[in-house]
Amino acid sequence: MSLLELDLIGKHKSEESKLKLHATFVAVFLVVAHIAMIFGMLSPSLLGGHSGMPGM
């Protein structure tokens with residue numbers, strides 16, 4: 001989004017097109033962030049890891 005604001009991408013686009021591109025970047029960020037959060041909360045045992053700390 002910073003590149004969009006600095007006119008490094010989308011130089012020759014209208015303001016409406018830049019706004020649509022901005023909204024698309026926000027939507028992609030939200031989807032990727034939520035997927036990463038879901039995978040971060042998964043138990044390692046679901047993916048074949050060991051299910052506990054040794055000695056517990």
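Lys20 pairs up with Glu16 in a salt bridge (a side-chain nitrogen of Lys or Arg within 4 Å of a carboxyl oxygen of Asp or Glu), and their closest N and O atoms sit 3.7 Å apart. Both residues belong to helix H2, four residues apart, which is about one turn of the helix. Keep in mind that this is a predicted model: local features need pLDDT of at least 70, side-chain atom pairs count only at pLDDT 80 or more, and totals for chains, interfaces and linings use all residues. Residues are numbered from 1 along each chain as its sequence is written, and side-chain values use heavy atoms, with hydrogens and water left out.

**The overall picture**
- The protein has two helices and zero strands; helices (H or I, at least four residues) and strands (E, at least two) are DSSP runs, numbered from the N terminus.
- Of its 56 residues, 5% count as buried, where buried means under 20% relative accessible area, exposed over 50%, and partly exposed in between (1.4 Å probe, protein chains only).
- The accessible surface is about 5000 Å², and 70% of that belongs to carbon and sulfur atoms; such areas come from the Shrake-Rupley method with a 1.4 Å probe, and for residues only the protein chains shown count as cover.

**Salt bridges**
- The structure holds two salt bridges.

- Is Lys18 buried or exposed? Lys18 counts as buried because its relative accessibility is 13%.
- Leaving aside neighbours within four places in sequence, Lys18 is in contact (heavy atoms within 4.5 Å) with Leu4, Asp7, Gly10, Lys11 and Lys13.
- Asp7 sits in the loop between helix H1 (2–5) and helix H2 (15–41), and it counts as partly exposed because its relative accessibility is 32%.
- Asp7 has a positive phi of about 60°, although it is not a glycine.

**The nonpolar patch**
- Met1, Leu3, Leu6, Leu8, Ile9, Phe25, Val26, Phe29 and Leu30 form a nonpolar patch on the surface, with about 840 Å² of accessible area together.
- Patches are made of residues with over 30% relative accessible area and no salt bridge; like charges are joined within 9 Å, and nonpolar side chains (Val, Leu, Ile, Met, Phe, Trp, Tyr) within 5 Å.
- Which helix gives the most to the nonpolar patch? That's H2, with four residues.
- Phe29 is in helix H2, and Phe29 counts as exposed because its relative accessibility is 56%.
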